[in-house]
Amino acid sequence: WKYAVVDKIVGSAPNAGRLKGTLRAQCDRLWFEACIAVITRGDVYNPSGKFYVPRIWFIPGYTDKKLGSLPEGEAFRIKSDKRQKYEVVVPGSKVLVRSIEGYVQYLPSDTVVHLESDLTRQPDGNTESAVSCTTFPVTHYVNYRAVNVLPSKYWCSFSIGDGQSSPHFMRYSGLTGAAINAMLINNYLGSSIRLENILSRKRVFQMSHETNWSNDEVVKRGTGYNYGVDGFLRPGAAYDNVIEYLYYKMLEMDVARYEENYEDDTLSAIFMLSWQRKFGSMFVPRGMETNDSHTRGLEAILLPKILKTVSNEMMDREELKEDENEAFMTLFQQYASDGPEAVLGEKAMFEGDGTLFSTTKDEWDHDMRRLFEKSQASAETQDIVMEYMDRAYRITELLNRCFKLARDEHIDGKRFSSEAENEPKSTDSFFSDFPVEAQSFASGLELSSIFGAISLSATQGSVTGGSVVVSVAIAITFAILNIPTSFGTMTNVSRYVNRQEEFRADFSRTKLLGMERTLFKVLSSSKRKEIDDASNPLLKQVRVAYEDFVTGATYYDTSSDEIQESYGNTNFKDLKSVEAFMEEITSNFIPKRYQKEAYLKDKLVTLFAACIELAEVLENDERTGDEETYIEDEATYKAFRRMPKFTERLENSLQTGPIVYGFIRKNKKLSQWAIFAPLRLYFFLMGNFLLKGFSLRCGGLFNPISTEIKVMRGVVTALNRSLGQTLKKEAYDLKELFHATMESSIGMSLFFVGMWVFIFSFFIIANGIASAVLDTTTTCMGTVPNKSSFQNFQCFVVEGGAIVSALAGLLALSFFLRQLKHQLKVVKAINYLPSPPPSVRKIGTLANFQAFITVWQCMATCTSLASIVIGFVLRFGFADFENSVTFALAMAAIGAFVISIGLQVIANLGLLYSVEPSAGKDVCRSFWGILFEKHSEFNIGRSEKSIASPALEDRESWEYVAREFLTETRFDTVLGADRFNAVMQAIQSGDTSSWRGTTLVMK
């Protein structure tokens, strides 16, 4: 775009070349300026360090500035004499500055200066380097040949350093690749000093083999395996160039005599496994590995190109230019361009295995014999021709290997190489009622409630013997301790809420349309015909994929006219028309029209996959006709019709604004503000449990989004049970969405309470300081008439603090009760096992101990609540208690909290630490029957025509199994995040052979 914009601006102006270069350089500076600004202001890395990121100037300044306003380290030139560059050493009234030679001097702070850019200098230290800021194409460079023997038998040529291979941005082993290449050349030249090596081809082989290995490492480590998801760069080229490259590599094999010098597989010696993967990703995009139409189309395009390359090389051979070989050369050129039917009258047919070029060698052997017979070629001519054809055979063999590798890795789910794609999901993917991340909130709220109770009880004068100073000291001390405690709760809760909202937003983007498609597909044919095209989710999916391709073609500066014409001529309600469009995608657009646009091939595969789903439904409609509707049809139809409104409601409820300071989300709607969080939660709870029937009768008019999700989940779950687990994944997705919505609302209510605890901690400190200054009581006497303004303030602080501390305690108590319920689920699940392994028995013991700790924490929380309530009763004279009771209860609560911490240390460092590392697999062994049953249920409904990798689909099923099983058993409330993650990943692995043994699993 840079070159296009600059060319458009400059045109054919005088000195256009120099002017264009200047403008492009400024574009580079502007681009880097934008990148630095995004990193600095975008809260991308360390949010708290954003103000400490040094400012980088990419151009010199021309605005007058006072020297005293510049920070330390800033570069500048004095306006009156701009020949010399300085930088600030020590700011002040007199600024200590340093010149480029290193001399220091003081300058007045009111000196007028211009800022200087921070880019690299030339060796003189003063002038900006010509290459201090530049951009270059994001491409790799690999030479055709590692070594080239020239027509003279005494000379050869080779590229040096980066001329042989240059990786993107010189990442990883790029410089090493250049160094290795230089070393290999030194070895090559050094070996010629020894007389016995002067005429040896072995040193040519060694240089070729080692250079190809080095190129492999350079490019592989720079880009991964180039499958698009995990590789920034993709191999893409016109097939003419690819075949030419491969031919010259085969020629290099002959020159270096790989067959003589390499005992093992010679093709793998020059084209290592990663190179085969790269060519596989170029020729066979993900999803086309088992598509026969694409394979045939690829063969039809590549075969003539291979023969044409061989023909062009043969024409340069002196022996084949002789008149006696003219007949054969004419026939071969016609054979290469028009095919065997045009020359031999028929195409030889051999049985293959369906892979790329599986029968090509047999066909060419047959055809070459016919061509030799027809042209009456001599034996010498035949030997020369077969020398060239042998290279063609090796090209097809290599491409066949690339294809088989792509196919096998597709089946095994290995066409990804990055850990981000391959590693099992972490605990962050576990969305449930009170998940592991939220379990720490209860302790924070409990501690805030206890600190609040101690601060408030200390305001009772008789507790401290009437000493105002002691009362103030205790109240202020625990109020100060409550500030970081409550703020930590606020930040942790905010991050937790943000994670729930990210899941909800991702659900809206990725799963809603899929759910709508599934509901549409389970409808009967007659019901589907009642749905108009605009509401048809399968047509919508095809349209979205097509528009995405057109947008991508525009972005990559490629024409999409042909596919637009084909798309416009397709009747997507007719099966044959859709199948013809799919055939054109696989046989023409992917392998031929867009052969070098690797990313556009992926988009075409996405379009093809959308057409597959549509074709399946059209085929089913043709087969069944207007069948009678089944008993669940009407309920399914209502659920489908509910989806647009449901989608709109969900999208309107999302929080998608940017996150600043690491935990605060901006651009929330008014109803999503923390100040309204308790009302919002109350509205959700009322909608879920009390107003459900009423709101349904009113058409969902008063339903909050949580109730809408719950109603939709109920409908889909009922349909799933009735239809034989066809909607199992969709039902569970809605369950997770409901939990994420509720947890987000509960989390914001926790933030609300933590915020007020945080605020009232400062009020209590201010009240204590003011009471100490005035030497008056720090409490509020609710029964005293005609209170002064300060006494009213004291009542506001004390009673407000009591309310928020009580709220914190009540929320903590509710969390502990939820945690206790889930911990007892673990105990119950393990108690049902007939003979659990030792590690699982230890988990059961740990669960009982953790449940005891939770009960103890409940007691501590109740004690702090009792202190707060009794203090309220005392202040308003509702009952007669000793004032020391409130302080004693508060201190008992803090003591119980300390004991619970000690018990938790024993649980973590004793019981949990003793659980064997094999606990994850042991849990799978203990519950293998349940896991297998769930896995079979989640596998129901998988399409036989799906182009997705079977291994990846199976992995997705095991991910669902892990989340559902762990939601039911709740090991997270006992094991903590790290050990729970091990159990979760063990289930997701689907390593069934290690659970129960291969024989039993196969049975």
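## Reading the terms against the values

Colleague: Which residue takes a positive phi in the hairpin of β4 and β5, and how many residues lie between the strands?
Modeller: G102 takes the positive phi, near 100°, and the hairpin has 4 residues between the strands. The model is a predicted one.

Colleague: What makes β4 and β5 a pair of strands?
Modeller: 5 bridges join β4 (residues 94-99) to β5 (residues 104-108), and the two run antiparallel. Pairing needs at least two bridges, so β4 and β5 count as paired. One of the bridges has K94 with P108 in β5 as its partner.

Colleague: How do you know that β3 pairs with β4?
Modeller: The same cut-off applies, at least two bridges. Strand β3 (residues 81-90) is joined to β4 by 4 bridges, in the antiparallel sense, and therefore the two strands pair. V90 stands opposite L96 in β4, and V88 stands opposite V97 in β4. The hairpin from β3 to β4 runs through 3 residues.

Colleague: What joins β2 to β3, and over how many bridges do they pair?
Modeller: A hairpin of 2 residues joins them. Strand β2 (residues 75-78) pairs with β3 over 3 antiparallel bridges. With at least two bridges required, 3 are enough, so this too is a pair. A75 has E87 in β3 as its bridge partner.

Colleague: What is the order of the strands in the open sheet, and which are the edge strands?
Modeller: The order is β1-β6-β2-β3-β4-β5, 6 strands with antiparallel pairing. The edge strands are β1 (65-66) and β5, since each pairs on one side only.

Colleague: Where do the side chains of a regular strand go?
Modeller: They alternate between the two faces of the sheet.

Colleague: What makes the S524 and S526 side chains a polar contact?
Modeller: They are joined at 3.3 Å. The cut-off is 3.5 Å, so the distance falls within it.

Colleague: How does S867 count, buried or exposed, and why?
Modeller: S867 has 2% relative accessibility; the limit is under 20%, so S867 is buried. S867 lies in helix α29 (residues 838-875). Neighbours within four places in sequence aside, S867 is in contact with A453, S457, T886, L889 and A890.

Colleague: How many aromatic pairs does a search of the whole structure find?
Modeller: The search finds 44. One of them is F441 with Y496, at 5.3 Å centre to centre and 75° between the planes. The distance lies within 6.5 Å and the angle is over 60 degrees, so the pair is called edge-to-face. F441 is in helix α15 (residues 439-457) and Y496 in helix α16 (residues 468-510), 55 residues apart, and the pair thus links distant parts of the chain. Both F441 and Y496 are buried.

Colleague: Why is the pair of F572 and F581 given the name it has?
Modeller: The ring centres of F572 and F581 are 5.7 Å apart and the planes stand at 85°, so this pair is edge-to-face. F572 and F581 are each buried.

Colleague: Which residues form one aromatic cluster?
Modeller: The cluster is formed by F752, W756, F760, F763 and F796.

Colleague: What sits over the ring of Y388, and how do you know that the distance qualifies?
Modeller: The charged end of R391 does, 5.2 Å from the ring centre. A distance within 6 Å is asked for, so 5.2 Å qualifies. In the case of Y960, R963 lies over the face at 4.7 Å from the ring centre; that value is also within 6 Å.

Colleague: How many helices and strands are there, and what share of the residues count as buried?
Modeller: The protein chain has 36 helices and 12 strands, and 50% of its 1003 residues count as buried. Of the contacts with a separation of 6 or more, 72% are between residues 24 or more positions apart.

Methods
Residues are numbered from 1 along each chain as its sequence is written. This is a predicted model: local features need pLDDT of at least 70, side-chain atom pairs count only at pLDDT 80 or more; totals for chains, interfaces and linings use all residues. Side-chain values use heavy atoms; hydrogens and water are left out. A polar contact is a pair of N or O atoms within 3.5 Å; within protein, one must be able to donate a hydrogen and the other to accept it, and residues adjacent in sequence count only if both atoms are side-chain atoms. Buried means under 20% relative accessible area, exposed over 50%, partly exposed in between (1.4 Å probe, protein chains only). Contact means heavy atoms within 4.5 Å. Rings of Phe, Tyr and Trp (its six-membered ring) pair if their centres lie within 6.5 Å; planes under 30 degrees apart count as stacked, over 60 as edge-to-face and the rest as tilted. A charge sits over a ring if NZ of Lys or CZ of Arg is within 6 Å of the ring centre and within 35 degrees of the ring normal.
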